[in-house]
Amino acid sequence: MSGTAIGASFFVFLLVLLALRVPIAISMLITGVAGYVTMAGWDPLLSYLKTAAYGRYSIYDLSVVPLFLLMGSFASRGGLSKALFGAAESMIGHYRGGVAMAAVGACAGFGAICGSSLATAATMGQVALPELRRLNYSPALATATLAAGGTLGILIPPSVVLVIYAILAEQNIAKLFAAALIPGIIAALGYIAVIALYCRLDPGAGPAAERKSVALRVRALIDVWPVLAIFVIVIGGIYGGIFTPTEAASVGTIGAGVLAVAKGMRLDGLMESLYSTAEATAMIFLILLGADVLNVFLALTQMPAELASWVSGSGLPPLLVLFAIIVIYVFLGCVMDSLSMILLTIPIFLPMVLGLDFWGLDQTEKAIWFGILALMVVEVGLITPPVGMNVYIINSMAKNVPMSATFRGIVPFLMSDALRVVLLVFFPVLTLFLVRLIG
């Protein structure tokens, strides 16, 4: 068998393991080890494995991951999610559907200091769902709004998934954060537009809340200053040349920790935050190691390089190839989480994209543009049936709402996602404007 045939066979084996519910990290490790032994034997594999873990985990940029996770945990315990929702509700809650729109805005704000979609959905669900219930919002609209809004956690920088992509694609983390900002804002505005249209077609789905007084609005806005301060310190510090992304994450984590202590976090809360961060980091790092072993095996087979050469020499229109990749991502999103999709597919899809011409972009711009596109489509997978991890998280809090109702409510948000992906495909400037502006 040729190397490509062996690589394709073992990739099918990997999908079978995933279908059997074997954890993604273990599935990639088993496939990578078995394929490596098939291609080169045990001795080269053991020689590689003795340094693989250290080689991966000693990368300085990876320290951003636990820092951003810990910052999000501290922010949640510091009451920032409640303050964000309260401020947004005080400003627009008196409009029809305004409280749902406020939940989307709060998700975007919390994503700016969290970096995880699942954490954003879980945290904002606890804060916003009781208020949506109190106002008799449609269960489908309420749960779908929070599930879709949670996806903003990985779109608004800083984003843990973007950090992983930057390391895999050997791109600058700060540039990827800049590239994600405008698409993230477009995503939030698109969701708000969906809610406005939904409530216009069905006025009873999103009743208006009571209009807040000017004094209450001012007080609510004052309560969110820590969020703005942390965001300015982290993102402003990076682009102002004061911090590296890792240093900015450290400073932001300390700031969020001080705020959490000021808001009442004690030793038991600190330990819970550290334990949850350690568990999430261990899971991510194990997946990274599995992806490394699998990617080394695929490199031995030359399958990614040969596929890239075949695609570039096939004469297929570049946009056709790109949309085929997007469709594959949508299907994978039905059965896999976002990080697993990125780690599994980028070593195969990125060389294909870099080998094609898109709008005259250079290699770096193509890598950044494709990374944001991939992130957008991966985010769609978080609310796509039958898995839709964000949907499961929200429905675990709203046990009286059928899953089918939430998925029906998700459909308009998915249409907004599809429109946004098309815009980013045909107008790369939306992604690259800030990257080019900062140099």
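Where does Met336 lie? Met336 lies in the loop between α16 (318-333) and α17 (338-354). This is a predicted model: local features need pLDDT of at least 70, side-chain atom pairs count only at pLDDT 80 or more, and totals for chains, interfaces and linings use all residues. Residues are numbered from 1 along each chain as its sequence is written, and side-chain values use heavy atoms, with hydrogens and water left out.

**View A. Surroundings of Met336.** Met336 counts as buried, at 8% relative accessibility (buried, under 20% relative accessible area; exposed, over 50%; partly exposed, in between; 1.4 Å probe, protein chains only). Leaving aside residues up to four places away in sequence, Met336 touches Leu18, Ile24, Met341 and Leu344 (contact: heavy atoms within 4.5 Å). The C-alpha atoms of Met336 and Gly381 are separated by 7.8 Å. These two residues are 45 apart along the chain.

**View B. Helix α13, residues 245-262.** Helices are DSSP runs (H or I, at least four residues), numbered from the N terminus. The end C-alpha atoms of α13 are 26 Å apart. Buried residues of α13 include Ala248, Gly252, Ala256 and Leu259. Their cover includes α4 (64-77), α5 (80-92), α10 (173-201) and α12 (225-239). Gly264 follows α13 and has a positive phi, near 115°.

**View C. Phe427 between two helices.** Phe427 sits in the loop between α20 and α21. Phe427 is partly exposed, with a relative accessible area of 46%.

Methods:
Expected span 1.5 Å × (residues − 1).
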